[in-house]
Amino acid sequence: MNARAQAALVLEDGRVFRGAAYGAQGRTLGEAVFCTGMTGYQETLTDPSYHGQIVVQTAPQIGNTGWNDEDDESSKIWVNGYVVRDPARTPSNWRSKRTLDEELERQGIVGIAEVDTRSLTRHLRELGAMRAGVFSGDALGTVDDMVAQVLASPKMAGADLAGQVTTPKPYVVSPEGETRFRVVALDLGIKSNTPRQMVKRGIEVHVLPSTSTLDELLAVEPDGVFLSNGPGDPATTTHATELTKQVLGREIPLFGICFGNQILGRALGLGTYKMRYGHRGINIPVIDVATKQVAITAQNHGFALEGEPGQRFESPFGAAQVSHYCANDGAVEGLRAFDVPAFSVQYHPEAAAGPHDAAPLFDDFVSLMEKKA
């Protein structure tokens, strides 16, 4: 590590963390956020929901299992930048094809290592996620100059990013056996493991671009509609929200996760807000209002729906309820409509990477489509 070039992580409040270049060298800008997962860094890096963000890993050692060709959650790394404390010198895993450092460099991801990520995480917890930049090599400059570049970068609030990560054209993921149902998945930043979870249950998944119209959706003749995860501010999703309202109006069974939870909420009349530092990790407890059961969940979001645990409210589509909430801070973690077949959660039941407590939600989606049929 001593032979690496110098690097700096610069926050918009002027705080500077010095370290060593990791991955590609140069300059990158984005929102600095921290992820508490101790495993699954490959899934994190390739999750489109992290587009526009500089991810800080709270786990001190990263890269131990290298990089393989099976665990990607999309076609590329989506994070804007990467911050770690102690990168592995040599990966040790039978599936590893190359080091994490090599893959970051290959894909042009500017990172920084040898950073006191504990101190950095405490700083972001106190002051909130904020704009930042990673600078290394020829991009290193004076602190004033680097801070000015960070302050000139766009904020995450108001960022419309789903259109940048969606599929350019429709594609189909088919089950190996009998097709029981056909589902349209609106791609707002979908992860690869989500269609895999559905095809295991006999669902033929038609993944459509986020710009798809109602006519294009209905042309598939779906038994259900799925709203995926994705990046950015849900307040910018005018088209997806209107499309969701049209689906609700036709009473097509609907299931949303993460970004999809926020879009369903906005379609039902709830507002959204930017959280101080959000939920990012694979160890976040969520309570089901109806059963009082706790699920340990994988999450990645910096925005949330307004509402209180268990709150019942009237929507343009009838009665609905805040069905789940976070045990840590009371944030809204799920919705259920009573008069139309729709529900959503703020977390990731496909759990890539993460615990499998929430996997039965895909079975709930199947049950909803069975009931409608």
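Guide: A residue counts as buried under 20% relative accessible area, as exposed over 50%, and as partly exposed in between, computed with a 1.4 Å probe on protein chains only. The model is predicted: local features need pLDDT of at least 70, side-chain atom pairs count only at pLDDT 80 or more, and totals for chains, interfaces and linings use all residues. Residues are numbered from 1 along each chain as its sequence is written, and side-chain values rest on heavy atoms, with hydrogens and water left out.

Visitor: Which class does Glu 114 fall into, by its relative accessibility?

Guide: Glu 114 is partly exposed, because its relative accessibility is 38%. Helices (H or I, at least four residues) and strands (E, at least two) are DSSP runs numbered from the N terminus. In these terms, Glu 114 sits in the loop between strand E8 (110–113) and helix H3 (117–127).

Visitor: How many residues make up the largest nonpolar core?

Guide: In soluble globular proteins, nonpolar side chains tend to be buried together. A nonpolar core is a set of buried Ala, Val, Leu, Ile, Met, Phe, Trp, Tyr and Cys residues joined through side-chain atoms within 4.5 Å. The largest here has 32 residues, and Leu 188, Val 225, Leu 248 and Leu 268 are among those with the most contacts inside it. Elements that each supply at least two of its residues include strand E11 (181–187), helix H8 (238–249) and strand E19 (332–337). A second, separate core of 23 residues includes Val 199, Val 205, Tyr 347 and Met 369.

Visitor: Which residues does Leu 268 touch?

Guide: Contact means heavy atoms within 4.5 Å. Not counting residues up to four places away in sequence, Leu 268 touches Leu 248, Phe 313, Ser 315, Pro 316, Phe 317, Ala 320 and Leu 335.

Visitor: Which residues of strand E14 lie on each of its faces?

Guide: In a regular strand the side chains alternate between the two faces of the sheet. In E14 (residues 254–257), Leu 254 and Gly 256 are on one side and Phe 255 and Ile 257 on the other, and all are buried. Two strands pair if DSSP finds at least two bridges between them. E13 and E14 run parallel, joined by 3 bridges, with Val 225 opposite Leu 254. The chain passes from E13 through H8 to E14 in a right-handed β-α-β crossover; right-handed means that, with the strands pointing away from the viewer, the path from the first strand over the helix to the second runs clockwise. E14 also pairs with E20 in the parallel sense, over 4 bridges, and there Phe 255 stands opposite Phe 343.

Visitor: Which residues does the UniProt annotation "active site" cover?

Guide: UniProt positions are given in the numbering used here, feature names are shortened, and annotations may be inferred rather than shown by experiment. The unreviewed entry lists Cys 258, His 348 and Glu 350. They span 93 residues in sequence, yet no two of their C-alpha atoms are more than 11.2 Å apart, so they gather at one spot.

Visitor: Are His 348 and Glu 350 buried or exposed?

Guide: His 348 is buried, at 3% relative accessible area, and Glu 350 is buried, at 2%. Leaving aside neighbours within four places in sequence, the contacts of His 348 include Cys 258 and Asn 300, and those of Glu 350 include Asn 193 and Phe 362. A polar contact is a pair of N or O atoms within 3.5 Å; within protein, one must be able to donate a hydrogen and the other to accept it, and residues adjacent in sequence count only if both atoms are side-chain atoms. The side chains of Glu 350 and Lys 191 make such a contact, at 3.1 Å.

Visitor: With which side chains does the side chain of Asn 300 make polar contacts?

Guide: Its partners include Asp 47, at 3.5 Å, and Arg 280, at 3.4 Å. Asn 300 is in strand E16 (residues 294–305) and is buried, at 5% relative accessible area.
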